[in-house]
Protein chains: 2
Amino acid sequence: MSEFPNDTTIEAWVMLHRANRKLLEEVSAALKRHSLPPLDWYDVLLELHRVGDAGLRQFEVGDKILLSKHNLSRLIDRLEKQALVRREATAEDGRGNRIKITADGKKVLRKVWPVYAESIQQEFGDKLSAQEATQLARLLGKVLA
Amino acid sequence: MSEFPNDTTIEAWVMLHRANRKLLEEVSAALKRHSLPPLDWYDVLLELHRVGDAGLRQFEVGDKILLSKHNLSRLIDRLEKQALVRREATAEDGRGNRIKITADGKKVLRKVWPVYAESIQQEFGDKLSAQEATQLARLLGKVLA
DNA sequence: TGTATATAGTTGCAAATACAACCAGATGTA
DNA sequence: TACATCTGGTTGTATTTGCAACTATATACA
């Protein structure tokens with residue numbers, strides 16, 4: 001039953017993009033100030049860290065961080081060149097490979113997190129009560145469903 | 001008083017980016033399916049349309065859509081090449097110019113809106129009640145403040 | 001007034017992104 | 001088995017972005 005969106009919907013939509021862009025900009029700036037790698041790197045490394053030794057197939061990483069496969073392929077290239085991850089051939093599927101985080105990769109995670117976290121807290125946490133954050137997450141969850 | 005963000009904050013933060021990326025992807029895909037120009041173009045044209053004949057200074061456009069000045073400069077180049085906007089020298093400041101939307105630019109707005117609107121409604125409006133949309137806008141507003 | 005500094009906008013260059021074409025290897029089906 | 005189709009991943013090319021340097025005008029202030 002899709003009709004045209006009402007004004008409230010449009011308002012929320014616009015706010016979402018504006019908020020996202022602003023926050024992203026601020027976090028990126030913070031990372032850069034500290035000469036740390038870009039946020040995407042962190043996202044990938046974090047997902048890999050979460051699953052431990054098993055690693056992830058490339059497409060699984062893509063699903064998690066919503067990045068298209070060609071971009072991901074080259075992002076992994078860059079990470080691999082810095083020895084933060086490595087690609088391992090896998091028996092389960094002759095085409096693909098498993099991506100695993102290296103010790104250096106974990107080191108990067110540890111170095112980035114404090115800066116990232118501070119930035120999240122300043123731009124986000126300080127501006128919402130715990131209750132509001134929960135509510136926001138719930139609403140966004142509905143959008144994502 | 002910035003401490004480390006609690007889990008709820010992080011959760012909301014992640015959801016925000018995920019939602020944004022997903023929605024953006026879907027809208028872009030819809031626009032492309034209809035061979036329409038990218039969303040950025042729409043954003044700029046819409047802002048220019050809103051202010052009417054006066055037009056906007058380039059930096060004003062940048063403030064509204066949160067785009068850095070060099071990117072904006074080239075985005076305007078592209079729009080101008082398609083004759084959707086034009087740059088006019090202004091007396092108020094010898095450095096800058098005023099950007100104004102052209103009749104062709106308005107035509108593009110009219111062509112894009114139905115597709116954009118349908119996409120917003122499907123991916124966003126249909127998933128939230130009016131009340132929820134209002135609430136979401138309010139929460140995002142606090143983040144942006 | 002003259003000099004320093006800030007601001008608006010552009011441009012060169014390097015890096016990242018999007019898109020389409022492609023190469024396996026996997027899967028479905030006759 | 002053989003053939004078509006699908007999927008995971010890579011690569012070439014064009015476009016867009018990010019960064020830094022630059023031009024030119026405005027503004028602040030001694």
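**Figure 1. Arg138(B) and its partner across the chain boundary.** Arg138(B) is partly exposed in this predicted model, with a relative accessibility of 44% (buried means under 20% relative accessible area, exposed over 50% and partly exposed in between, with a 1.4 Å probe and protein chains only). Arg138(B) forms a salt bridge with Glu132(A), the closest N and O atoms lying 3.7 Å apart (a salt bridge is a side-chain nitrogen of Lys or Arg within 4 Å of a carboxyl oxygen of Asp or Glu). Because Arg138(B) lies in helix α6 of chain B and Glu132(A) in helix α6 of chain A, the pair joins two chains (helices are DSSP runs of H or I with at least four residues, strands runs of E with at least two, numbered from the N terminus). Glu132(A) is buried, at 11% relative accessible area.

**Figure 2. Lys142(B) in helix α6.** Lys142(B) belongs to helix α6 of chain B, residues 130-144. Its relative accessible area of 34% makes it partly exposed. Apart from neighbours within four places in sequence, Lys142(B) is in contact with Lys127(A), Leu128(A) and Glu132(A) (contact means heavy atoms within 4.5 Å).

**Figure 3. The interface of chain A and chain B.** The contact takes 58 residues from chain A and 56 residues from chain B. About 5600 Å² is buried between the two chains, and carbon and sulfur atoms give 68% of this area (buried area is the accessible area, with a 1.4 Å probe, that two parts lose on being put together, summed over both). Trp13(A), Val143(A) and Leu144(A) supply 13% of the area that chain A buries against chain B, more than any other three residues. The rule finds 4 salt bridges across this interface.

**Figure 4. Two salt bridges within chain B.** Glu92(B) and Arg57(B) meet through their side chains in a salt bridge of 3.7 Å, N to O. Glu92(B) stands in the loop between β2 (85-89) and β3 (97-101), and Arg57(B) in strand β1 (residues 56-57), 35 residues apart. Arg57(B) is buried, at 8% relative accessibility. A salt bridge of 2.9 Å, N to O, pairs the side chains of Lys100(B) and Glu88(B). Lys100(B) lies in strand β3 and Glu88(B) in strand β2, so this pair ties together parts 12 residues apart in sequence. Lys100(B) is buried at 17%, whereas Glu88(B) is partly exposed at 26%.

**Notes to all figures.** Residues are numbered from 1 along each chain as its sequence is written, and chains are lettered from A and ligands numbered from 1 in the order in which they are written. In this predicted model, local features need pLDDT of at least 70, side-chain atom pairs count only at pLDDT 80 or more, and totals for chains, interfaces and linings use all residues, while side-chain values use heavy atoms, with hydrogens and water left out.
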